[in-house]
Amino acid sequence: MTTIDIDALPKVMGDDGQFHATDQAVDLSHTTLEAWVALGIFWLLGATVFYQFFTRYVLNNSASWTEEIARYLLIGTVFVGAAIGVAKNNHIQVDLLYRYLPRAAARVLSTVVDVLRIAFFAVMAVLTVQMMVKMSGQMMTIVDIPINVLYGVCLFGLVMMALRSVWVARLHWRRGYSMLERPETSMEDR
């Protein structure tokens, strides 16, 4: 067994005995609208779960509404957060087939994937609107808030996913390739 000489490792403390570290500047200019919305919903979820924990274990009198609201906030976080995944093109994809296809066939198939993704999110948004119309009078189970508030957040996420899919497809068409065809690339490659 080999022992490591910790004195030979790079120094993390200065001669004054203090830890000196410099962080890179934080740049939030590229943060999208849906990312801010998802962050806000996530913080509301965290506050709700904390309140639920506090009332249940500290006050020994659980607030009944927190369970339902936390569930709905989690759903909202997922739908709005999924738009971030679409914008970054991070959703699950299988690119093995593209390695063995001729370049022209891979390009056509990649374009079909882009079109189907746009169509899927657009159809889901339309179906969500239709469902919201049919459920316009229904309220949440415990809290007297219309259930369409939740579906409105889901609709926002689906519309953002559809719009981001159009943006991703335009980028793919402009570049002449997608990440399916060249998995080593990223969305920042222009």
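**Reading burial, salt bridges and helix packing**

Visitor: Is T128 buried or exposed?

Guide: T128 is buried, because its relative accessible area is 8% (buried means under 20%, exposed over 50% and partly exposed in between, with a 1.4 Å probe and protein chains only). This is a predicted model, in which local features need pLDDT of at least 70 and side-chain atom pairs count only at pLDDT 80 or more, while totals for chains, interfaces and linings use all residues. Residues are numbered from 1 along each chain as its sequence is written, and side-chain values use heavy atoms, leaving out hydrogens and water.

Visitor: Where is T128 found, and which residues does T128 touch?

Guide: T128 is found in helix α4, which covers residues 103–134 (helices are DSSP runs of H or I, at least four residues, numbered from the N terminus). Leaving aside residues up to four places away in sequence, T128 touches Y151, L155 and L158 (contact means heavy atoms within 4.5 Å).

Visitor: How many salt bridges does the structure hold?

Guide: Side chains of opposite charge can pair when their charged atoms come close. The structure holds two salt bridges (a side-chain nitrogen of Lys or Arg within 4 Å of a carboxyl oxygen of Asp or Glu). One of them joins R164 to E34, with the closest N and O atoms 2.7 Å apart. R164 belongs to helix α5 and E34 to helix α1, so this pair ties together parts 130 residues apart in sequence. R164 counts as buried at 18% relative accessibility, and E34 is buried too, at 0%.

Visitor: Which side chains meet in the salt bridge with D114, and where do the two residues lie?

Guide: R117 meets D114 at 2.7 Å, N to O. Both residues lie in helix α4, three residues apart, about one turn of the helix. R117 and D114 are both buried.

Visitor: At what angle do helix α2 and helix α5 pack?

Guide: Two packed helices are described by the angle between their axes and the distance between the axes. Helix α2 (residues 65–88) packs against helix α5 (residues 148–175) at about 5°, and their axes are 8 Å apart. That makes α2 roughly parallel to α5 (angles under 35 degrees count as roughly parallel, over 145 as roughly antiparallel, 65 to 115 as roughly perpendicular and the rest as oblique).

Visitor: Which residues make the contact between α2 and α5?

Guide: Helix α2 contributes residues including Y72, I75, G76, F79 and V80. Among those from α5 are L150, V153, C154, F156, L158 and R164. L158 also touches T128, and R164 is the partner of E34 in a salt bridge.

Terms used:
Axes fitted to C-alpha atoms, helices over the stretch in contact; angles between N-to-C directions.
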